[in-house]
Every structure is written in structure tokens, then in C-alpha cells.
Amino acid sequence: MAANIEIFDDRLKELVYPDADLEQLASGVVHSEGPVYCPEDGSVVFSEGHGNRLLCWHEDKGVQVLRDPSHYQNGNTLDLEGRLVACSHGQRAIIRREQDGQWVILVDRYQGKRLNSPNDLVIKSDGTIWFTDPPYGITQPGQGYGGKMEQPSSFVFRFDPATTEIEPVVTEMERPNGLAFSPDERQLYVSDTSEVDYPQGHHYIRVYDVLAGRQATNGRVFAVVDPGQPDGFRVDAQGNIFTSSQDSVQVFAPDSVLLGKIYVPETVTNLTFGGPEGHCLLITAGESLYRIRVKTRGLVHVRNGGKS
Ligand code: MG
């Protein structure tokens, strides 16, 4: 189908094709989430959030089940070696798929207490894993195995898999959810989606200055996303923010001006850039996975092109 793109600022014309097709690659998914593009074979791995499975879409093979049960895996990404690293609501952990296909837990505790339910993650160019830890896998039916919240709040953590050091970098948010770095990694964007929990809650993206490559400071509101929530978002190579919302992918310039909307027929949860040159936007929404070709491209930190 032809995409419906609304342009509020001419800068969007440099980023998208106004007449691009919005392709539905997969349907019938029980809450589609957490897409990641795998350059090795051109597939897209994504989570069936409420179906407790990890799925994989490939141009020739269609949709295949990669992991069942997935223990309510949510956000997925690739590390610098091209390995899948993910947030597990069910295991309340950050997990990684090893060369032999086995999934291992990298971290599931902070100060001896279980994490809430890691939701989304990003890998910094130094290999550290930055992730959000809201309690949705504990509090929301069908998104985890329930349980008791042991952490005092919902933090954003920095975890170094090389040293296993874990430390909170943002402690002031109610429900941190999506996160991404600016292209120079001097800023960290984090969304707060506490509107899910109560009507007066937040549905915005905050931005922090990254200090010494390992701390986040000076948090302030970057953009309020409406309607819906900025569950997940990505930054393109020029620093523009492409975020989920209820009706569309909303595009914000680095100066926080809303450039326009790429409408999607289902509620957008997450998105990522992909394709051989990074010029595709892969969007999980409702029960589907969508793809649209864009002029801009995503940021890539993979050290060896995903060949592991
Ligand atoms: Mg999320």
C-alpha cells in the first residue's frame, strides 16, 4: 500500500520518499515488538510480545519461530560482534545468543536484587549495554511471569559485559522504556511511558548529556509524543529521531521540531533501520511487521558487518 506521510517541515523531504510503499511483511503476531535487522542474512528478528515467542522474518522464508517460549523477550539488538542481545521480561534479565544458539543470562541483578523486567536496550560503541528496567513484565498481564518488584524504582542501567559491572545511569524516571544515543553518543534519549500506568502519566522522550562516556546528566524533556507513547525509537545517521506513537512513526529533528508523520494502520510499538544499506525502516505495530524505504539511514556500530 502507498504510505500516508504527513509533512510538517520541509526537512522531512530529505529523509523519506513521499510516495514510498508501506509493505506489510508479517501479520497475525500477538503484539509485535523489538525488531532488529540482521545483516548476515537480511532477516528481521522481532518479538511476539504477548505470544511469548521470538520470530524471524526473511524475504524468501517468510516468518519462522526462532524461540518458543522466548520467556517474554522484548527489545532486541545486535552487539558489536553481531550476536543477538535482548531484554527478557520473563527472566528479568539481559540475555545473549551464543555461537551455539544457546541463550545465556548476562545480568539479572543489581545490588543482589532481581531486576524488574528489562524492556529495551542499546549497545554503545564501547560495547557497553544500556537498558531500561520498567516493571511491565511484572505488572502487566501477558507480558511476563509476574512476581515481586525488588528494585526501589525503574532505572536506566549501564552494564559492561567485559567486567560485569552494572550501575544506574538514570534514576529519576517513572517508566523508562525506549532509548537511543545521538550519532556522536554525547546525548542519550530515553522515553518515559508512565501514561500506560495512569492517565496523567508521561508520554515523552527526555534527553541527557553523556559524561565521560558512562554517565547521563542534565535530563530535560526533548519531545512530548501524542497520541500514544514513544515505546521505542531510533536515531538516524543525521541525528533525527524516529519514534513510535499510536497512529504513526513520528519524526523529530535534533532541535526537537516535529518534522512529520509516517502513518501506520496499527499502533506502532518499536522500529529499527535495516536493509543492506540501512535505508529501510522496519516497524513493529499491532499484529504486524511493516517495511518502508527511506532516504536516510540508521546508525551502525557493528564492528565486523555482522559476520560472527
Ligand atoms: Mg518498549
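Me: What do buried and exposed stand for here?
Reply: Buried is under 20% relative accessible area, exposed is over 50%, and partly exposed is in between (1.4 Å probe, protein chains only). By that cut-off, Asn 119 is buried at 4%, and Asp 231 counts as buried at 15%. Across the chain, 56% of the 308 residues are buried.

Me: Before we go on, what am I looking at?
Reply: It's a predicted model, where local features need pLDDT of at least 70, side-chain atom pairs count only at pLDDT 80 or more, and totals for chains, interfaces and linings use all residues. Residues are numbered from 1 along each chain as its sequence is written, and side-chain values use heavy atoms, with hydrogens and water left out.

Me: Which protein atoms are donors of the magnesium ion?
Reply: Donors are N, O and S atoms within 2.8 Å of the metal (3.2 Å for Na, K and Ca); water is not among the atoms, so sites may look incomplete. Here they are Asn 119 (OD1), Asn 177 (OD1) and Asp 231 (OD), 2.1 to 2.2 Å from the ion. Their sequence spacing reads N-x57-N-x53-D.

Me: Why does the pair Asn 119 and Asp 231 tie together separate parts of the sequence?
Reply: Strands (E, at least two residues) are DSSP runs, numbered from the N terminus. Asn 119 sits in the loop between strands E12 (113-114) and E13 (121-123), and Asp 231 in the loop between E20 (215-224) and E21 (233-235), so the pair links parts 112 residues apart in sequence.

Me: How many strands does the chain have?
Reply: There are 27, plus one helix (H or I, at least four residues).
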